[in-house]
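Visitor: Please take me through one part of this model at close range. I would like to look at the surroundings of the ligand and the helices next to it.

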Amino acid sequence: MNNPADHSPDAPLDGDLRPHSFDGIQEYDKRLPRWWLLTLYGAMVFAVIYWAYYHAYSIGTPPALALEKEMAENAVLAAQKSGVIDDDTLWKMSLDPKIVSAGKLTFDTTCAVCHKPDMTGLIGPNLVDHEWIHGGKPMDAFKTVNEGVLVKGMPAWGPMLGRQKISEAVAYIFSHHKPGEEVIIVPGWTPPPGVMAIPPPPPAK
Ligand code: HEC
């Protein structure tokens, strides 16, 4: 019996030799094994289905993107659980459509009276331009919203809304910004003519 693993020069030859010889090396003319061909054709069929499913028709989310999305969601969940809110978490939250739409709801009902529904500013400053009074990082805004600027007419929302709602509202504001964008610190905001800078105090009881 011929053992294919036997490579010694004296091993008996098996099948037809091809006519060419390179540096004294010759080849047998053999059919590729069926299992090998099936693996090759299987890989081709798989590649076409994979390409159509993930890329050509975008039926599925490509694994790399799916992983990225899941990691971002997990980071937000982990941050919410541990109660840590920082710039990074708020930026990630600003990319999460569910959080942003919850934040928009809070903003429209609570903040839009002073900042305008499109956030371009009325009594309170424009929140979608590059000018900031108290800093342009998400945590700066979080602090301003949480603690307020009472003398200027910005209420402290911490006791009324809590951390969750405030971080959602801040995420909504920063969904209109990008990390690393230009930040210009300005001394204050001038409301448009006819709008009072500080709302009148509530009527005495
Ligand atoms: C009664 C009016 C009023 C309401 C309601 C209000 N704000 Fe303000 N907001 C202001 C004013 C006035 C300032 C400017 C404070 C200053 O000049 O220091 C301000 C400042 C801010 C700033 C800082 C902007 C900067 O340039 O640094 C943020 C962020 C902000 N508001 C977000 C919110 C959010 C979020 C809400 C809703 C939860 C809200 N505001 C509700 C009046 C308001």
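Guide: Two helices, α4 (97–115) and α5 (138–147), each give at least two residues to the shell around the ligand. This is a predicted model. The largest share of that shell is from α4, with six residues. In total, 26 residues surround the ligand. C111, C114, G124, H134 and M154 are the closest of them. Sorted by class, the shell has 18 nonpolar residues, seven polar ones and one charged one.

α5 packs against helix α6, residues 158–174. Their axes lie 9 Å apart, at an angle of about 150°. The crossing is right-handed. On the α5 side, the contact is made by P138, A141, F142, V145, N146 and E147. On the α6 side, G158, I166, S167, A169, V170, I173 and F174 take part. By class, this contact of α5 with α6 counts nine nonpolar, three polar and one charged residues.

F174 sits in helix α6. Why is F174 classed as buried? The cut-off is 20 or more other C-beta atoms within 10 Å. F174 has 25 within that distance, so F174 is buried. Leaving out residues up to four places away in sequence, F174 touches L90, W91, S94 and P138. P138 is also among the α5 residues in the helix contact. V100 is 74 residues from F174 in sequence, yet the two C-alpha atoms are 9.1 Å apart in space.

For contrast, turn to helix α2, residues 63–82. α2 is hardly covered: of its 20 residues, one is buried. From first C-alpha to last, α2 reaches 28 Å, close to the 28 Å expected at 1.5 Å a residue. G83 follows α2 and has a positive phi, near 80°.

Last, step back to the whole chain. The secondary structure comes to six helices and two strands. From the N terminus, the order is α-α-α-α-β-α-α-β. The chain has 205 residues, and 16% of them are buried. Among contacts with a separation of 6 or more, 55% join residues 24 or more positions apart. To return to the ligand: α4 gives the largest share of its shell, and α5, another contributor to that shell, packs against α6.

Key:
Residues numbered from 1 in each chain as written. Predicted model: local features only at pLDDT ≥ 70, side-chain atom pairs only at ≥ 80, totals over all residues. Near = placed C-beta within 6 Å. Helix = DSSP H or I, 4+ residues; strand = E, 2+ residues; numbered from the N terminus. Nonpolar A, V, L, I, M, F, W, Y, C, P; charged D, E, K, R; others polar. Axes fitted to C-alpha atoms, helices over the stretch in contact; angles between N-to-C directions. Left-handed = near helix turned anticlockwise from the far one by under 90°. Contact = placed C-beta atoms within 7 Å. Expected span 1.5 Å × (residues − 1). Buried ≥ 20, exposed ≤ 12 C-beta atoms within 10 Å, placed from the backbone.
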